[in-house]
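Let's sit down with a protein and learn how to read it, one feature at a time. Have the sequence and the 3D view ready.

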2 protein chains.
Amino acid sequence: MQSKSAITSVKIHDIIQTRWSPRAFAADKAVSHEDLLALLEAARWAASCFNDQPWRFVVCDKNTNATSWQNAYASIVERNQLWAKNAPVLILAVAMANFNHNDKPNRWAMYDTGAACANLSLQATALGLIVHQMGGFDAEKTRELFHLPHDCTPMAMLAVGYQADVDVLHEDFKAIELDQRSRVTLGERFYAGQWGKGIE
Amino acid sequence: MQSKSAITSVKIHDIIQTRWSPRAFAADKAVSHEDLLALLEAARWAASCFNDQPWRFVVCDKNTNATSWQNAYASIVERNQLWAKNAPVLILAVAMANFNHNDKPNRWAMYDTGAACANLSLQATALGLIVHQMGGFDAEKTRELFHLPHDCTPMAMLAVGYQADVDVLHEDFKAIELDQRSRVTLGERFYAGQWGKGIE
């Protein structure tokens, strides 16, 4: 199975170095409840502004709650459905608009939700699971299907499961599954003391 | 020195379990350039929507660029300055408003920036460093001092360094440094298949 270690100038921790977002899921391998709890606990202990924990996750496990999985799947864009169909677990990640303690807008809600999902994804890597996060889903449809409150923003759909060989993929995705992972150079995103001055 | 392992129902990976946000920094311990690069590489390899990498980081190292550190420090709220003064490195994390490929609004920019900062923080834990992320800074001031472009949002100031004993802290922060870390119960944030139904 395809593995893709990040190419870095210095060593970084294994679970960060080897995490990537495969599309080839093993349709017949369920995620155990214990492993699922570990993913959620990892997200739960992420940092957040005022420790508000502005994230909400709706876990849709095909093997224990087929209806919820079907709802999650139905909200994914067609192109992503081609591969996400094999993911045994789909998780909807939602950011609450306002702080708990004063009901005022929380400008870090999305930022913190992203952090929680990063933790979840790294925990998955640690357990030999894979996660592919999608922005390609219909947020309004998830509002309806999951009866979300008005004061939140659906941020991502996370496909979770075990990796399979590239052969399980629709033709359209085989090449990309085998491609090298890529990032722009460090200096294009990380600056030394002043805006635009790439760090070396 | 104070360590705070997350209390979880199932085992999670060490670096996720033990990461927390101390305020007690060792003023006399610089972060090596190699370790700094490792933190940035960890952030660099986070997932992002369309692989846009919408984050930008301005790294302000007191030991190599005192002016930039002073600018970062000056934008922190007074209360946080009481402890952040000892952090040898301050990093401003910024989210770009629009996608690179089409210049249209990127609704995942903050989410992805939060993910990159989560990676950075976990890499710090792996290296024996500490990170304390702050929302408590003057975003407008960072725009001026760092000449940020208009189409971005300053999201967080990250204090980075080595942990010191609680004694280095101003009285106001000693108790909180020794407190247990806390999170609401899993079921309050993580739902089983439908909104509000806490997972068990």
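## Reading the fold together

Q: In what order do the elements of chain A run from the N terminus on?
A: Keep in mind that this is a predicted model. Starting at the N terminus, chain A goes α-α-β-α-α-β-α-β-α-β-α-β. That makes seven helices and five strands.

Q: Which strands pair with strand 4 of chain A?
A: Two pairings to look for here. Strand 2 (residues 89-96) of chain A is joined to strand 4 of chain A by eight bridges, running antiparallel. One place to look is V94(A), which stands opposite P154(A) in strand 4. Strand 3 (residues 130-134) of chain A also pairs with strand 4 in the antiparallel sense, over five bridges. There, I130(A) has G161(A) as its bridge partner.

Q: And how enclosed is strand 4 of chain A?
A: Count its buried residues. In strand 4 (residues 152-161) of chain A, eight of the 10 residues are buried, so the strand is largely enclosed by the rest of the structure.

Q: What do the buried residues of helix 3 of chain A pack against?
A: Begin with the buried residues themselves: in helix 3 (residues 66-74) they include S68(A), W69(A), N71(A), A72(A) and Y73(A). They pack against strand 1, helix 4 (78-84), strand 2, helix 6 (139-145) and strand 4 of chain A.

Q: What can phi tell me about N51(A) and Q53(A)?
A: The general idea first: most residues other than glycine have a negative phi. N51(A) has a positive value, near 50 degrees, and Q53(A) has a positive one too, near 55 degrees. N51(A) sits in the loop between helix 2 and strand 1 of chain A, and Q53(A) is found in that loop as well.

Q: How many residues does each chain put into the contact between A and B?
A: Chain A gives 61 residues and chain B gives 61 residues. On the chain A side, helix 1, helix 2 (33-44), strand 1 (55-61), helix 5 (109-126) and strand 5 each supply at least two residues. Helix 5 of chain A gives the most, with 13 residues. Sorted by class, that side has 36 nonpolar, 17 polar and eight charged residues.

Q: Which strands are bridged between the two chains?
A: Look at strand 5 of chain A and strand 1 of chain B: three bridges join them, and they run parallel. In one of these pairs, Y191(A) has V58(B) as its bridge partner.

Q: What covers the buried residues of helix 2 of chain B?
A: Nine of its 12 residues are buried, so the helix is largely enclosed by the rest of the structure. The cover includes helix 1 (14-18) and strand 5 (190-192) of chain A, together with strand 1 (55-61), strand 2 (89-96), helix 5 (109-126) and strand 4 (152-161) of chain B.

Q: Which residues does L36(B) touch?
A: L36(B) lies in helix 2 of chain B and counts as buried, with 25 C-beta neighbours inside 10 Å. Leaving aside neighbours within four places in sequence, L36(B) is in contact with V31(B), V59(B) and V89(B). L36(B) and A124(B) are 88 residues apart in sequence, but 8.8 Å apart in space, C-alpha to C-alpha.

Q: Which members of the largest nonpolar core touch the most others?
A: In soluble globular proteins, nonpolar side chains tend to be buried together. Here the largest nonpolar core has 136 residues, and F57(A), L90(A), I91(A), V160(A), F57(B), I91(B) and V160(B) touch the most other members. The contacts of V160(B) include V31(B), L39(B), A87(B) and V89(B).

Notes:
Residues are numbered from 1 along each chain as its sequence is written. Chains are lettered from A and ligands numbered from 1 in the order in which they are written. This is a predicted model: local features need pLDDT of at least 70, side-chain atom pairs count only at pLDDT 80 or more; totals for chains, interfaces and linings use all residues. A nonpolar core is a set of buried Ala, Val, Leu, Ile, Met, Phe, Trp, Tyr and Cys residues joined through C-beta atoms within 7 Å. A residue is buried if 20 or more other C-beta atoms lie within 10 Å of its own, exposed if 12 or fewer, and partly exposed in between; C-beta atoms are placed from the backbone. Two residues are in contact if their C-beta atoms, placed from the backbone, lie within 7 Å. Helices (H or I, at least four residues) and strands (E, at least two) are DSSP runs, numbered from the N terminus. Ala, Val, Leu, Ile, Met, Phe, Trp, Tyr, Cys and Pro count as nonpolar, Asp, Glu, Lys and Arg as charged, and the others, Gly among them, as polar. Two strands pair if DSSP finds at least two bridges between them.
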